[in-house]
Amino acid sequence: MKLNPDCVRDVLLYVENNTDLKHFASISPSQIPDELSNYPADEVMYHIKQAELSALIDVPSWYLDGGCLIKYLLPEGHQFLANIREDNNWNKTKDIAKSVGSNSLDAIKQIATGVITALIQAKLNL
């Protein structure tokens, strides 16, 4: 399956909005949350796994039905999401990723950091 950066972003936004130290998110292929329903179930579950493997979210349990329990965003997930939360920043990040021909999560994280750095420098007139 190809990596869909929009799906990763939407998963991170969902986790941020629906988890805290007392509340976890349980997602299964048969019960995809409305916020993620514009993606097929297998795509959502795949991208949750990719976010877990990339140390963006904490997923302590995977179930036999292919579902999982998500505890919260990890520090790297918070940082990445902070950089891509705004649609304008996200669209710039995706445009740059497309122009350089890399859609890996690592490349997208680096590009997002670069976009934010450039915006900060512009605001500081550096």
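**Group meeting talk: a walk through one predicted chain**

In this protein chain, if you take the contacts between residues at least 6 apart in sequence, 56% join residues at least 24 apart.

Let me start with the overall layout. The protein chain has five helices and five strands. Reading from the N terminus, the order of elements is α-β-α-β-β-β-β-α-α-α.

Now the dimensions. Along the principal axes, the C-alpha atoms of the protein chain fill a box of roughly 50 × 30 × 25 Å. The radius of gyration is 15 Å, which agrees with the value near 14 Å that a compact globule of 126 residues would have. Of those 126 residues, 40% count as buried. The accessible surface of the chain comes to about 7,200 Å², and 52% of that area belongs to carbon and sulfur atoms.

The structure holds five salt bridges, and I will go through some of them.

One is between the side chains of Asp6 and Lys94, at 2.9 Å from N to O. Asp6 is in helix H1 and Lys94 is in helix H4, so this pair ties together parts that are 88 residues apart in sequence. Are the two residues buried or exposed?

Another salt bridge joins Asp87 and Arg9, whose closest N and O atoms are 2.9 Å apart. This pair also links distant parts of the chain, with Asp87 in helix H4 and Arg9 in helix H1, 78 residues apart. Here the two partners fall into separate classes. Asp87 is partly exposed, with a relative accessible area of 49%. Arg9 has a relative accessible area of 8%, which means that Arg9 is buried.

A further salt bridge stays inside one helix. The side chains of Lys49 and Glu52 meet at 3.0 Å, N to O. Lys49 and Glu52 are three residues apart in helix H2, residues 41-53, so about one helical turn separates them. Lys49 counts as partly exposed, at 30% relative accessibility.

While we are in H2, look at Glu43, which lies in that helix. Is Glu43 buried or exposed? Glu43 counts as buried, because its relative accessibility is 15% and the cut-off for buried is under 20%. Leaving aside residues up to four places away in sequence, Glu43 touches Met1, Asn4 and Cys7. The C-alpha atoms of Glu43 and Lys2 are separated by 9.2 Å, although the two residues are 41 apart along the chain.

Ala55 sits in the loop between H2 and strand S2 (57-58). Ala55 is not a glycine, yet has a positive phi of about 60 degrees. With a relative accessible area of 37%, Ala55 is partly exposed.

The last stop is towards the end of the chain. Which residues form a nonpolar patch on the surface? Ile120, Leu124 and Leu126 do, with about 360 Å² of accessible area together. Leu124 belongs to the segment after helix H5 (105-123). Leu124 counts as exposed because its relative accessibility is 55%.

Note on methods: Residues numbered from 1 in each chain as written. Predicted model: local features only at pLDDT ≥ 70, side-chain atom pairs only at ≥ 80, totals over all residues. Heavy atoms only, no water. Patch = residues over 30% accessible without salt bridge, like charges linked within 9 Å, V, L, I, M, F, W, Y side chains within 5 Å. Areas by Shrake-Rupley, 256 points an atom, 1.4 Å probe, with all protein chains shown as cover. Salt bridge = Lys/Arg side-chain N within 4 Å of Asp/Glu carboxyl O. Helix = DSSP H or I, 4+ residues; strand = E, 2+ residues; numbered from the N terminus. Buried < 20%, exposed > 50% of the residue type's maximum accessible area, 1.4 Å probe, protein only. Rg over C-alpha atoms; globule rule 2.2 N^0.38 Å. Contact = heavy atoms within 4.5 Å.
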